[in-house]
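Open the model in your viewer and keep the selection panel at hand. The stops below say what to select and what is there.

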Amino acid sequence: MADPRIIHIELDEATILWRNADIEQERRIAIFDLIEDNLFKPLRSAEAGHTGPYRLRLSVDDGRLGLEVSSDEGALLETLILGLGRFRRPIREYFAICDSYYQAIRKATASEIETIDMARRGVHNEAAEMLLERLEGKVETDFATARRLFTLICVLHIRG
C-alpha cells in the first residue's frame with residue numbers, strides 16, 4: 001500500500017555552523033510538524049516501485065541543496081540536487097524578518113508583532129511556492145510540506 005510521506009528527517013549537522021535557541025525551536029517545530037503531516041512522493045523512486053514511506057536527509061554543499069531519499073529501512077533510493085541561487089534572496093529576507101520577529105516578541109506591542117509575523121509568513125509562503133516549482137517533475141508534495149522544508153533549508157544556511 002502506498003504511503004508517500006516522510007517518516008524521518010535529518011539535517012546534515014556539518015552544514016549547520018551556528019544556531020541560537022530561537023532557530024533551534026524553529027527547527028524542532030518544523031521537523032515535528034513535517035513528520036506529523038506531509039506529502040512526499042519522489043517520482044523516480046515511485047516509478048521504480050518504492051511507494052514510501054521515506055527517510056530524508058538534507059544538506060547544502062557548494063550552493064546546492066541535497067535531498068537524500070531513502071526507504072523506511074534506510075536504503076538510499078535517490079539523491080536530488082537543487083541549485084539554491086534563486087533562494088538566496090528569500091533566505092536572506094526570511095532571516096532578517098525572523099530576527100525582527102524574535103526581537104519584537106520580547107518588547108513590542110501585539111499589533112507590531114502581528115505586522116512582522118504577517119510579513120514573515122508572506123516571505124515564507126513565497127519561498128514555499130518557489131520550492132514547489134523547483135521540485136516539480138521530481139517530487140510530488142504539497143504547500144505545507146514545502147513550507148516546512150523551506151524552514152529547514154534556512155536552518156542549513158545559518159552562518160552566525
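Select Ile-9 first. Leaving out residues up to four places away in sequence, Ile-9 touches Ile-31, Leu-34, Ile-35, Leu-56, Leu-58, Leu-149 and Leu-152. Contact here means heavy atoms within 4.5 Å. The model is predicted, so local features need pLDDT of at least 70 and side-chain atom pairs count only at pLDDT 80 or more, while totals for chains, interfaces and linings use all residues. Residues are numbered from 1 along each chain as its sequence is written, and side-chain values use heavy atoms, with hydrogens and water left out.

Buried means under 20% relative accessible area, exposed means over 50%, and partly exposed lies in between (1.4 Å probe, protein chains only). Helices (H or I, at least four residues) and strands (E, at least two) are DSSP runs, numbered from the N terminus. In soluble globular proteins, nonpolar side chains tend to be buried together.

**The sheet**

Switch to cartoon and show the strands. Four of them form an open sheet, ordered S1-S3-S4-S5, with mixed pairing. Two strands pair if DSSP finds at least two bridges between them. Which strands stand at the edges? S1 and S5 do; each has a single partner strand, so one side of each lacks a neighbour in the sheet. From one strand to the next, the twist averages 20 degrees. Zoom in on S4 and S5: they run antiparallel and are joined by seven bridges. Pick Arg-64, and its bridge partner in S5 is Gly-83.

**Helix H4**

Select residues 110-135. This is helix H4, with 26 residues. From first C-alpha to last, H4 reaches 37 Å, close to the 38 Å expected at 1.5 Å a residue; the expected span is 1.5 Å times one less than the number of residues. Show side chains. Buried positions in H4 include Ile-113, Asp-117, Arg-120, His-124 and Leu-131. What covers the buried residues of H4? The cover includes helix H1 (21-36), strand S5 (76-83), helix H3 (88-107), strand S6 (139-141) and helix H5 (143-155). Step past the end of H4 to Gly-137, whose phi is positive, near 85 degrees.

**Salt bridges**

Last, show charged side chains. The structure holds eleven salt bridges, each a side-chain nitrogen of Lys or Arg within 4 Å of a carboxyl oxygen of Asp or Glu.

- Select Glu-10 and Arg-57: their closest N and O atoms are 3.3 Å apart. The pair links distant parts of the chain, strand S1 (residues 6-11) and strand S3 (residues 54-61), 47 residues apart. Glu-10 is partly exposed at 37%, and Arg-57 is partly exposed at 23%.
- Select Asp-3 and Arg-5: this salt bridge is 2.8 Å, N to O. Asp-3 is partly exposed at 24%, as is Arg-5 at 31%.
- Select Asp-62 and Arg-64: here the N to O distance is 3.9 Å. Asp-62 is exposed at 62%, whereas Arg-64 is partly exposed at 40%. Then show Glu-10, Asp-12, Arg-57 and Glu-68 together: salt bridges that share partners join these residues into one network.

Terms used
Axes fitted to C-alpha atoms, helices over the stretch in contact; angles between N-to-C directions.
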